[in-house]
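This report describes one protein model for a reader who is new to structural analysis. Please consult the sequence and the structure shown below while reading.

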Amino acid sequence: MNFALLGFRIHKMNLQEVQFAVKLRCYNPTKTPIALDVNQVLANYKGSAIAYSTPDIKGLTVGAGSTQELEIKFQVVTLKCVK
């Protein structure tokens, strides 16, 4: 199974949170279908975790020699400064 990151975009941004989305292409080079389960994706920046996603993709089947494209959204809660 091969994966390629196709794009990154800010989905939503306000004072409480930032949501961003990544588009991922999954390619199955084998001669048999492959089923994927994506339970959690971790986003790192400079070696530190900054966001978690729970896309809940269950039973996605990528056919033999074909591709599937997924969009996974992440939510990052911003820190509030209290004076």
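## Surroundings of Asn28

Apart from neighbours within four places in sequence, Asn28 is in contact with Met1, Pro33, Ile34, Val62, Gly63, Ala64, Gly65 and Ser66. The model is predicted. Asn28 belongs to the loop that joins strand 2 (17-27) to strand 3 (34-38). The relative accessible area of Asn28 is 0%, so this residue counts as buried, the cut-off being under 20%. Through its side chain, Asn28 also forms a polar contact of 2.6 Å with the side chain of Thr30.

## The protein as a whole

The protein contains 7 strands and 0 helices, and its pattern along the sequence is β-β-β-β-β-β-β. Among contacts with a separation of 6 or more, 55% link residues 24 or more positions apart. Further overall values are listed in the table.

| Property | Value |
|---|---|
| Residues counted as buried | 24% of 83 residues |

In soluble globular proteins, nonpolar side chains tend to be buried together. Here the largest nonpolar core comprises 14 residues, and Phe20, Cys26 and Phe74 have the most contacts inside it. At least two residues of this core come from each of strand 2, strand 3, strand 6 (57-62) and strand 7 (67-77). Strand 2 contributes the most, with 4 residues. With neighbours within four places in sequence left aside, the contacts of Cys26 include Met1, Phe3, Leu36, Val62 and Leu70.

Conventions:
Residues are numbered from 1 along each chain as its sequence is written. This is a predicted model: local features need pLDDT of at least 70, side-chain atom pairs count only at pLDDT 80 or more; totals for chains, interfaces and linings use all residues. Side-chain values use heavy atoms; hydrogens and water are left out. Buried means under 20% relative accessible area, exposed over 50%, partly exposed in between (1.4 Å probe, protein chains only). Contact means heavy atoms within 4.5 Å. A polar contact is a pair of N or O atoms within 3.5 Å; within protein, one must be able to donate a hydrogen and the other to accept it, and residues adjacent in sequence count only if both atoms are side-chain atoms. A nonpolar core is a set of buried Ala, Val, Leu, Ile, Met, Phe, Trp, Tyr and Cys residues joined through side-chain atoms within 4.5 Å.
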